[in-house]
Amino acid sequence: MHRIDTPAMELRHIDLNLLRVFDAVVSERSVSRAAVQLSLTQPAVSHALARLRAACGDAILERHGRAMVPTAHAAALLPQVRALLAQAQRIFSSTAQFDAAQSQRSFQVGASDYAVQRLLPAVLASVRRSAPGVRLRVLHAGRSDALDLLHAGAIDLALGVFNSADDTLQLRTVLEEPYACAMAAGHPLARAALTLPLFLQAAHLQVLVQPGRLGAIEQTLARLGVERRVAMTSAHFGPAVALAAATDLLLTAPRGLFGPQPAANGLHLAPPPFALEPYRHQIAASKRALADPGVAWLYALIEPIATSVA
């Protein structure tokens, strides 16, 4: 089942609650899980989904084998629907006082997988203490799309590495950490000091979140007039650690990625044999969104916590 032949959608057939159902159903890919997320009964969500299908002229979810997946049209609409919901939240919150202790609000936070691992545990603990009813919805957002999502209003704030931003955004560096070169504990290079020639002779595992662009390590090596041998490229930091421990590949990444006891995970760490700028974690939000007391509260909460992460 694909597009359904119906007249063009009219606004009188849509309300914000239907948009919330659309967001939940497409994100969860399940009516039952969407019902749990929304604290609604499954029949209520099924009824809302039927209204959405009639209004949109689209199936929204389709069965592929044993799984339910969004239609291409629904997937394309999802960022716009989230932006509308976020904008509506800001409109109705901008003139109201934000009471964190009593709030039941949901915030959209864009973050890279490493920002989630490194910064969010401490942030979430603080949110749970001071605002137990507040919900954080974390969406994957990398250097290539986070700022666009902020401009569109699809997320309230972003955590990651953005380097620069225009004057419509408020950007702060909250944590700097050095890079480390990780290898399996039994790797031949773990038995001696890691020199630049040895580094260049080795095979490497590269983490490149933004395809098609040179990462910080490649840019630094290019300025030195050398190039490393990349045997594998991963879009995510998390799996790269396990791969480094299980293969002969070297992984150069922010030191915090490897945890306080890398040896317990089968890793040996060495400093990179060349100077690298530190990895800079940043928090960003649009100045327009920060006029919302709730977003301003969350930004102010996260900034000092992220700064103090060990």
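## The largest pocket

Strand E8 (203–207), helix H8, strand E10 (250–254) and strand E12 each supply at least two residues to the lining of the largest pocket. Helices (H or I, at least four residues) and strands (E, at least two) are DSSP runs, numbered from the N terminus. The structure is a predicted model, in which local features need pLDDT of at least 70 and side-chain atom pairs count only at pLDDT 80 or more, while totals for chains, interfaces and linings use all residues. Residues are numbered from 1 along each chain as its sequence is written, and side-chain values use heavy atoms, with hydrogens and water left out.

Rolling a probe the size of a water molecule over the atoms shows where empty space is left. On a 1 Å grid over the protein atoms alone, a pocket is an open set of points where a 1.4 Å probe fits, with protein on both sides within 12 Å along at least five of seven lines; lining residues have an atom within 4 Å of a point. The largest pocket holds about 740 Å³ of space, where grid points are joined across faces, edges and corners and the volume is the space filled by probe spheres set on the points. Its lining has 35 residues, and Arg143, Val161, Tyr179, Gly215 and Ala216 lie nearest the centre. Helix H8 gives the most to this lining, with six residues. By type, the lining of the largest pocket has 17 nonpolar, 11 polar and seven charged residues. Here Ala, Val, Leu, Ile, Met, Phe, Trp, Tyr, Cys and Pro count as nonpolar, Asp, Glu, Lys and Arg as charged, and the others, Gly among them, as polar.

## Aromatic rings

A pair of aromatic rings is described by the distance of the centres and the angle of the planes. Rings of Phe, Tyr and Trp (its six-membered ring) pair if their centres lie within 6.5 Å; planes under 30 degrees apart count as stacked, over 60 as edge-to-face and the rest as tilted. The count comes to eight aromatic pairs. In one of them, Tyr114 and Tyr279, the ring centres are 5.6 Å apart and the planes stand at 75 degrees, so the pair is edge-to-face. Tyr114 lies in helix H5 and Tyr279 in strand E12, so this pair ties together parts that are 165 residues apart in sequence. Both Tyr114 and Tyr279 are buried; buried means under 20% relative accessible area, exposed over 50%, and partly exposed in between (1.4 Å probe, protein chains only).

The rings of Phe237 and Tyr279 are also edge-to-face, because their planes are at 90 degrees, with the centres 6.3 Å apart. Phe237 is in helix H9 (residues 237–246) and Tyr279 in strand E12, so the pair ties together parts 42 residues apart in sequence. Phe237 is buried. Tyr114, Tyr179, Phe237 and Tyr279 form one aromatic cluster. Tyr179 is also one of the residues nearest the centre of the largest pocket.

## Salt bridges

Side chains of opposite charge can pair when their charged atoms come close. A salt bridge is a side-chain nitrogen of Lys or Arg within 4 Å of a carboxyl oxygen of Asp or Glu. The whole structure has nine salt bridges. One of them joins the side chains of Asp23 and Arg137, at 2.7 Å from N to O. Asp23 lies in helix H1 (residues 16–28) and Arg137 in strand E4 (residues 135–140), so the pair ties together parts 114 residues apart in sequence. Asp23 is buried at a relative accessible area of 5%, and Arg137 is buried at 11%. Asp23, Arg82 and Arg137 are linked in a network of salt bridges.

Glu177 forms a salt bridge with Arg118, with the closest N and O atoms 3.2 Å apart. Glu177 lies in strand E6 (residues 169–177) and Arg118 in helix H5 (residues 113–130), so this pair ties together parts 59 residues apart in sequence. Glu177 is buried at 4% relative accessibility, as is Arg118 at 17%.

## Positive phi angles

Most residues other than glycine have a negative phi, and most peptide bonds are trans. Arg29, which is not a glycine, has a positive phi of about 55 degrees. Arg29 is in the loop between helices H1 and H2 (31–38) and is partly exposed, with a relative accessible area of 42%. Ile60 has a positive phi near 70 degrees. Ile60 sits in the loop between helix H3 (42–56) and strand E1 (61–64) and is buried, with a relative accessible area of 1%.
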